[in-house]
Amino acid sequence: NMYFRQIAMIQKLKSDVNLFRANHPKFPMFLKAVSQDAIEEGSIIEINVTTPEGKKYCTNVKLKADDIALFESLKSIQQ
């Protein structure tokens with residue numbers, strides 16, 4: 001029973017990702033370009049979020065070797 005629930009959750013996630021890609025077609029292209037050219041130790045990833053009311057949030061991370069290993073693992077899952 002738990003196995004079927006996990007399959008359903010994965011199928012729902014896949015559907016949600018496909019919808020996100022359809023709604024924001026340039027974002028996956030951006031991620032692909034970044035993953036091919038900019039993900040290396042010492043790179044800084046910065047994220048900015050602005051709410052509709054204008055409230056701003058910003059953070060960044062400087063990538064370490066362990067982070068690169070995680071990204072490589074995630075890429076292998078997608079293939």
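**Aromatic pairs, a nonpolar patch and a hairpin**

Guide: In this predicted model, Phe 20 is partly exposed, with a relative accessible area of 40%.

Visitor: Where does Phe 20 lie?

Guide: Phe 20 is in helix α1, which covers residues 2-23.

Visitor: And which residues does it cluster with through ring pairs?

Guide: Ring pairs connect Phe 20 with Phe 27 and Phe 30.

Visitor: Which residues form the nonpolar patch on the surface?

Guide: Phe 20, Phe 27, Phe 30 and Leu 31 make up the patch, and together they have about 390 Å² of accessible area. Helix α2, residues 26-37, supplies the largest share of the patch, with three residues.

Visitor: How many aromatic pairs in the whole structure?

Guide: The search finds three. One of them is Tyr 3 with Phe 4, an edge-to-face pair with 5.8 Å centre to centre and 65 degrees between the planes.

Visitor: Why edge-to-face?

Guide: Because planes over 60 degrees apart count as edge-to-face, and the planes of Tyr 3 and Phe 4 are at 65 degrees.

Visitor: Are Tyr 3 and Phe 4 buried or exposed?

Guide: Tyr 3 counts as exposed at 55% relative accessibility, and Phe 4 counts as exposed at 60%.

Visitor: Switching to the strands. How many bridges join β1 to β2?

Guide: Seven bridges join β1 (residues 44-50) to β2 (residues 56-62), and the two strands run antiparallel.

Visitor: What is the bridge partner of Thr 50?

Guide: Thr 50 is partnered with Lys 56 in β2.

Visitor: Which residue in the hairpin takes a positive phi?

Guide: Gly 54 does, with phi near 95 degrees; the hairpin has five residues between the strands.

Notes:
Residues numbered from 1 in each chain as written. Predicted model: local features only at pLDDT ≥ 70, side-chain atom pairs only at ≥ 80, totals over all residues. Heavy atoms only, no water. Phe/Tyr/Trp six-rings, centres within 6.5 Å; stacked < 30°, edge-to-face > 60°. Buried < 20%, exposed > 50% of the residue type's maximum accessible area, 1.4 Å probe, protein only. Patch = residues over 30% accessible without salt bridge, like charges linked within 9 Å, V, L, I, M, F, W, Y side chains within 5 Å. Areas by Shrake-Rupley, 256 points an atom, 1.4 Å probe, with all protein chains shown as cover. Salt bridge = Lys/Arg side-chain N within 4 Å of Asp/Glu carboxyl O. Helix = DSSP H or I, 4+ residues; strand = E, 2+ residues; numbered from the N terminus. Pairing = 2+ DSSP bridges.
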